[in-house]
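Visitor: I would like to learn how to read a structure like the one shown here. Could we go through it step by step?

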There are 2 protein chains.
Amino acid sequence: MAGLGTAGVLASGAVGGVVGRTTAARPPSPVVSSSTARESPTPVEFTGTHQAGIVTPAQDRLHFVAFDVVTDSREALVAMLASWTAAARRLTAGEIVGPDDSGEAQGLPPSGLTLTVGFGPTLFMTGDGVDRFELAARRPKSLVELPVFPGDALDPSISGGDLCVQACANDPQVAVHAVRSLVRLGVGVVRVRWTQLGFGRTSSTSTAQATPRNLLGFKDGTANLKAENGSALEQFVWVGEDDVAWLAGGSYLVTRRIRMLIEDWDQVPAPHQEAVIGRTKTAGAPLGQRKEFDPTDFGAVRGDGPAIPHNSHVFLSHPTNSGTAMLRRGYSFVDGTDDSGRLDAGLFFIAYQRNPDTGFVQVQRNLAADALNRFIQHRSSAVFACPPGARDADDWWGRTLFEA
Amino acid sequence: MAGLGTAGVLASGAVGGVVGRTTAARPPSPVVSSSTARESPTPVEFTGTHQAGIVTPAQDRLHFVAFDVVTDSREALVAMLASWTAAARRLTAGEIVGPDDSGEAQGLPPSGLTLTVGFGPTLFMTGDGVDRFELAARRPKSLVELPVFPGDALDPSISGGDLCVQACANDPQVAVHAVRSLVRLGVGVVRVRWTQLGFGRTSSTSTAQATPRNLLGFKDGTANLKAENGSALEQFVWVGEDDVAWLAGGSYLVTRRIRMLIEDWDQVPAPHQEAVIGRTKTAGAPLGQRKEFDPTDFGAVRGDGPAIPHNSHVFLSHPTNSGTAMLRRGYSFVDGTDDSGRLDAGLFFIAYQRNPDTGFVQVQRNLAADALNRFIQHRSSAVFACPPGARDADDWWGRTLFEA
């Protein structure tokens, strides 16, 4: 770090009369039965084998940003990644970035902030085949743009990206401040390509969290992989030794901005909605069962057919039938209304997996006949390789990639 | 109410196997020193002399929606307003709207939800002079589109509106659910014209609340009118007997979507930012003083000039110099980025006043020379007359206006 030009600015920290943000440890808050606002727990540890923000219990709010790299200088890119790492370490601890901190998070606690970085396929080789940063040989084979799926309605201007940062926190102002701070540090090196705010988590990533509801009104992520599923995480989330070495302990991130056709969905009576999803609306129980965590019984019969229809979302996406699993940590969004006054709202889908081919791609192919497809539209798509965590206080995002 | 067509649907309430939302009273939460997420207090009372959501301690999140009325039927409009009132009463109590509730707020507490309705100038007479609802004679003289101010960069498609609803809550999902529910009840009568989400309050409206920071990084609203300022509220917020009778106890609402040129602002060193605002960045003290609530001393001198520059925002907007006051309850917003990758972020300004001419218009005229103008752009503007509160359980939004 010492040799990197920007480190000095960050290391100067809270001098110059600027008061640091709260850093005193607070006791963890009790788990609440919803995505409701809550007091913020102790800072989330930044250093670790894996990056924080993946199996970390999902925070309530999201600010996601994808960047294009606008420099051709590998050195400048590396310096920025190092400065980002130092800043991320301070921000997640609830501290200001430096003397010229923009200030809007002063006085706010760490709020569970995590910052998670990922590298897109175009960082390794541009669409027209340019190896800007001598990284082409280090591209993981699985890090390619996702295939086209039936029904995709993607907008390229809000898809893809050379880099991404996922900021999650229990206070949106803290997430926004973190993204703004990284954007400022990246001036001349990166440019914001697209961003997405999410106001409410739609998945639990810990068994200690209650299952939230998405904007379809249904509990989402009941059968999600959770932080406590140790061996399943190794199998389905963390990149192993069968992939490129620099990515070991990392994970692949897939994002999809899934617009929900809210007005159409709201016309559908609840029993039909339940048949589309495969769960009851109020309890979130698999159809044919009574409680949310009752086992999903695909053999159960109702009338002259299966209790859980074979074109329901639960049937087609369930590990039993898709043959795989991934860790979801998506967020609800409302981005106003479109030109016809319809809500531009839905789910910003985020999933982490050991390999996109056997994760999102496999599940999404299995969803081709999903009854839910009538009510949703995929508008944005991106895939990133998220490196392992910072091993110590001197480590920086991407070191394993850039240090040959 | 009994004669209104839609009331029956709403009155049926939580029947049909749908479990109601949490309605048990909770103790009020302690005030936190920030806009941080917090546990939700007891439901805010819906019935009252004034509508809730004006002097109610500002909640953390906003979903604001402006509507165009698409029917010519006064009867349909009145029926919708009555059904909205009944729904608002249920929603703010933390209950579901009815058996076909969309569901995403099930299990969530009331979260301090308030719903506040307003009537725009075009409800009384369209831009081309049509008196659709026999209301022209009842239009308050002060309810006219705001004048054009120097520097305005308004987008008509996100300005104005025949009706508005301001939904504020401490959980964004609760605010979103409320707006969605009213939109559903309004199908065929109104159409969404524009909406704005706000993620963090930028004003306190109670002396029990700490002053939050806006996206300029400064504490905002230190000298705001507060719920506890009894006689000042009568003077500056509530419509009195000098206006049309149906609006007595109501208030005028002005909204302005003020984009902040964040990247430009972030280039300005803190001492210069402080001179633009007129307060210190960290403490929020008036320049020349030490603490946030120290008196603003416009006679204080620093060097060879006034401590608080005469073109600073505080100098020009302060009641002492603008000659008036209003109650602000704005919210920070981030709506992604523009085509050049710059943050589309700022302040969704909301102010309530007894009269727009002697409220927002007077202050805004005084701000013509504001040093802050270089860093902001007004992109949307609207004005509404907000009727008094529902006097009892049978009252409905607009009764005093529509019942001649």
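Guide: We start with aromatic pairs: rings of Phe, Tyr and Trp, the last by its six-membered ring, pair if their centres lie within 6.5 Å. Keep in mind that this is a predicted model.

Visitor: How many aromatic pairs does the structure hold over all chains?

Guide: Over all chains there are 30 aromatic pairs.

Visitor: How is one such pair described?

Guide: A pair of aromatic rings is described by the distance of the centres and the angle of the planes. Planes under 30 degrees apart count as stacked, and over 60 as edge-to-face. Take Phe124(A) and Trp246(A): their ring centres are 5.9 Å apart and their planes stand at 25°, so this pair is stacked.

Visitor: Where in chain A do Phe124(A) and Trp246(A) lie?

Guide: Phe124(A) is in helix H3 (residues 121-124), while Trp246(A) is in the loop between helix H5 (230-236) and strand E6 (251-260). The two are 122 residues apart, and the pair links distant parts of the chain. Both Phe124(A) and Trp246(A) are buried.

Visitor: Why is the pair of Phe119(B) and Phe402(B) called edge-to-face?

Guide: Their planes are at 90°, with the ring centres 6.4 Å apart, so the pair counts as edge-to-face. Phe119(B) lies in strand E2 (residues 114-119) of chain B and Phe402(B) in helix H11 (residues 399-402) of chain B, so the pair ties together parts 283 residues apart in sequence.

Visitor: Are Phe119(B) and Phe402(B) buried or exposed?

Guide: Buried means under 20% relative accessible area. Phe119(B) has 0%, so it is buried. Phe402(B) has 6%, so it counts as buried too.

Visitor: Which residues do ring pairs link into a cluster?

Guide: The cluster consists of Phe119(A), Phe124(A), Trp246(A), Trp396(A) and Phe402(A).

Visitor: What can be said about chain A as a whole?

Guide: Chain A has 11 helices and 12 strands. Of its 404 residues, 60% count as buried. Among contacts in chain A with a separation of 6 or more, 77% are between residues 24 or more positions apart. The accessible surface of chain A is about 14400 Å², and carbon and sulfur atoms account for 54% of that.

Visitor: Which residues does Thr195(B) touch, not counting residues up to four places away in sequence?

Guide: Thr195(B) sits in strand E4 (residues 190-198) of chain B. With that exclusion, Thr195(B) touches Gly336(A) and Thr337(A), together with His63(B), Phe64(B) and Val65(B). The relative accessible area of Thr195(B) is 14%, so this residue is buried.

Notes. Residues are numbered from 1 along each chain as its sequence is written. Chains are lettered from A and ligands numbered from 1 in the order in which they are written. This is a predicted model: local features need pLDDT of at least 70, side-chain atom pairs count only at pLDDT 80 or more; totals for chains, interfaces and linings use all residues. Side-chain values use heavy atoms; hydrogens and water are left out. Helices (H or I, at least four residues) and strands (E, at least two) are DSSP runs, numbered from the N terminus. Buried means under 20% relative accessible area, exposed over 50%, partly exposed in between (1.4 Å probe, protein chains only). Contact means heavy atoms within 4.5 Å. Accessible areas come from the Shrake-Rupley method with a 1.4 Å probe; for residues, only the protein chains shown count as cover.
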